[in-house]
Amino acid sequence: AARKRQRYVEKDGKCNVQHGNVRETYRYLTDIFTTLVDLKWRFSLLIFILAYALTWLFFGLIWWVIAYSRGDLEHLGDHSWTPCVNNLNGFVSAFLFSIETETTIGYGHRVITDTCPEGIVLLLLQAILGSMVNAFMVGCMFVKISQPNKRAETLVFSSHAVVSLRDDRLCLMFRVGDLRDSHIVEASIRAKLIQSKQTQEGEFIPLDQTDLSVGFETGDDRLFLVSPLIISHEIDERSPFWDVSRGQLERDDFEIVVILEGMVEAT
């Protein structure tokens, strides 16, 4: 029966390593863009909605305060009075005017006049800040959408790796293929052996990472992935499997992580 073990990296590429006891949490805020990208979708969408809603409410409140302090709300029916914003008669209309300003919908019923210098300054400030919010949030959502998680669903690895002779040399082999017609440019592949070990000095190293050669010296690690390819690791004197017998290979607790990198042709 196959042994059940906790994997270091799942078949879909998700790492099972969880970070705990992180004391310097402020470091996440110093790189807020990456933090937002790494959040789950429900939290990202919540922050996306709040970023716009709060800025609209904040500037809507300021527009209402300007109208209230100037006395525009007391001269709603006075046609001889020139308000800061025409047809602004309360907080709801100030909120709608804030949305029109920040999203550049275009003014119709409500429009700013040229007799309100504080309103002109606020208009410029909201236009600049609104552009920054748009660039930050839209850029964050674009990066999150274009992450390679879904693209990796159409990259297929063989279910099993085999050890067999190839050209009279013992090799560890597996197959990888791309299901899409769009090519992966500059595709390269690496393999890591994840295994705990103990040094000659008695030091125990958990989850030690060792490179498995899959053609780096010969350039075979650079793939032209238009058809399924067989990736081969030769078990020679430099291989960590050189001194491992077949029985030990079945008993040892280790994991091989294969990393395929490249750029999608369309993007």
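A residue counts as buried when its relative accessible area is under 20%, as exposed when that area is over 50%, and as partly exposed in between. The exercises below apply this cut-off to a predicted model.

**Exercise 1. Determine which residues of helix α4 are buried and which elements they pack against.**

Solution. 
Step 1. Helix α4 has twelve residues, and its first and last C-alpha atoms are 16 Å apart, close to the 16 Å expected at 1.5 Å a residue.
Step 2. With the cut-off of under 20%, the buried residues of α4 are Ser 93, Ala 94, Phe 97, Ser 98, Ile 99, Glu 100, Thr 101 and Glu 102.
Step 3. These buried residues pack against α3, β1, β2 and α5.
Step 4. After the helix comes Thr 104, with a positive phi near 50°.

**Exercise 2. Carry out the corresponding analysis for helix α5.**

Solution. 
Step 1. Helix α5 contains 29 residues and reaches 42 Å between its first and last C-alpha atoms, close to the 42 Å expected.
Step 2. Its buried residues are Gly 119, Leu 122, Leu 123, Gln 126, Gly 130, Val 133, Met 137, Cys 140, Met 141 and Lys 144.
Step 3. The elements covering them include α2, α3, α4 and β2.

**Exercise 3. Relate the UniProt annotations to the secondary structure of the model.**

Solution. 
Step 1. An unreviewed UniProt entry annotates residues 43–66 and 120–143 as "transmembrane region".
Step 2. Residues 43–66 are 100% helix and 0% strand, with end C-alpha atoms 34 Å apart.
Step 3. Residues 120–143 are likewise 100% helix and 0% strand, and their end C-alpha atoms lie 35 Å apart.
Step 4. The unreviewed entry also lists residues 9–148 as "domain: Potassium channel inwardly rectifying transmembrane".
Step 5. Over residues 9–148 the chain is 59% helix and 3% strand, and the end C-alpha atoms are 16 Å apart.

**Exercise 4. Classify Asp 208, Pro 240, Asn 87 and Asp 168 as buried, partly exposed or exposed.**

Solution. 
Step 1. Asp 208 is found in strand β7. Its relative accessible area is 17%, so Asp 208 is buried. Leaving aside residues up to four places away in sequence, Asp 208 touches Leu 193, Ile 194, Gln 195, Ser 196 and Lys 197.
Step 2. Pro 240 is placed in the loop between β9 and α6 (246–251). At 31% relative accessibility, Pro 240 is partly exposed. With the sequence neighbours up to four places away again left out, Pro 240 touches Leu 193, Thr 210, Leu 212 and His 233. Pro 240 and Leu 193 are 47 residues apart in sequence and 8.5 Å apart in space, C-alpha to C-alpha.
Step 3. Asn 87, in the loop between β1 and α4, has a relative accessible area of 38% and is therefore partly exposed. Its phi is near 65°, a positive value in a residue other than glycine.
Step 4. Asp 168, in the loop between β4 (162–166) and β5, has a relative accessible area of 70% and is therefore exposed. The phi of Asp 168 is near 65°, a positive value in a residue other than glycine.

**Exercise 5. Describe the lining of the second largest pocket.**

Solution. 
Step 1. The second largest pocket has a volume of about 530 Å³.
Step 2. Its lining comprises 25 residues; Ser 213, Val 214, Gly 215, Ser 232 and Glu 234 lie nearest the centre.
Step 3. The elements giving two or more residues to this lining are β5 (169–178), β7 (204–212) and β9 (229–234).
Step 4. Strand β9 supplies the largest share, six residues.
Step 5. By class, the lining has nine nonpolar, six polar and ten charged residues.

Methods. Residues numbered from 1 in each chain as written. Predicted model: local features only at pLDDT ≥ 70, side-chain atom pairs only at ≥ 80, totals over all residues. Heavy atoms only, no water. UniProt positions renumbered as here; feature names shortened; annotations may be inferred. Helix = DSSP H or I, 4+ residues; strand = E, 2+ residues; numbered from the N terminus. 1 Å grid on protein atoms, 1.4 Å probe; cavity = no way out; pocket = protein on both sides within 12 Å on 5 of 7 lines; lining within 4 Å. Points joined across faces, edges and corners; volume = space filled by probe spheres on them. Nonpolar A, V, L, I, M, F, W, Y, C, P; charged D, E, K, R; others polar. Expected span 1.5 Å × (residues − 1). Buried < 20%, exposed > 50% of the residue type's maximum accessible area, 1.4 Å probe, protein only. Contact = heavy atoms within 4.5 Å.
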